[in-house]
Amino acid sequence: MATSNGAVDLSLLDEVFEQYQGQHGALIPILQKAQDKYGYLPPEAISRIAKQLGISVSKVYGVATFYAQFYLERRGRHILRLCDGTACHVRGTPMLATAVEEQFGIKMGETTEDGELTAEVVYCIGSCALAPVAILDGEVMGRMKQDKLLRTIKKTIKAN
Ligand code: FES
């Protein structure tokens, strides 16, 4: 979460630090809570956490980049993953990706300006019989078509 001028509101970390006060080795749970607050780990939060724990910023980055659960880039409220494994690629994922990129003004791997959608590419999730496969907020949707995908994304964004 950011303040109205776009800066990261570091006061959100105060209650996290309070919760883990005096606990050695609490870096990972603190990073998890911080990510819950911001949706990702902004550099300002990483620096603040390092200062609070009396460890180096590079150590915090080291841990944050080691675990796949942590994100250093801003993430959208909704996450779209398009499978681009061989079966899905052949059956149309590139066209799905282009449709999403054109409709939402982002490239794969990016998040929309309004923070609603992050679109990513994944490789074979083991549902090749359903190719091409899209996964929206964890829900697997098979035999996807461009118009249906765009409709579903817009409906999901509108509903939450
Ligand atoms: S290639 Fe997409 S599920 Fe296997």
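This is a predicted model: local features need pLDDT of at least 70, side-chain atom pairs count only at pLDDT 80 or more; totals for chains, interfaces and linings use all residues.

A: Residues are numbered from 1 along each chain as its sequence is written.

The secondary structure comprises 7 helices and 4 strands, where helices (H or I, at least four residues) and strands (E, at least two) are DSSP runs numbered from the N terminus. Along the sequence their order is α-α-α-α-β-α-α-β-β-β-α. The protein is divided into domain 1 (10-66) and domain 2 (78-159), with bounds from an automatic or database domain assignment. The C-alpha centres of these two domains are 32 Å apart.

Two packed helices are described by the angle between their axes and the distance between the axes. For helix 3 (residues 43-53) and helix 4 (residues 57-66), the axes come within 8 Å and cross at roughly 115°; axes are lines fitted to C-alpha atoms over the stretch in contact, and angles run from 0 to 180 degrees between N-to-C directions. Helix 3 contributes I46, S47, I49 and A50 to the contact, and helix 4 contributes V57, V60, Y61 and A64; two residues are in contact if their C-beta atoms, placed from the backbone, lie within 7 Å. These contact residues divide into 7 nonpolar, 1 polar and no charged, counting Ala, Val, Leu, Ile, Met, Phe, Trp, Tyr, Cys and Pro as nonpolar, Asp, Glu, Lys and Arg as charged, and the others, Gly among them, as polar.
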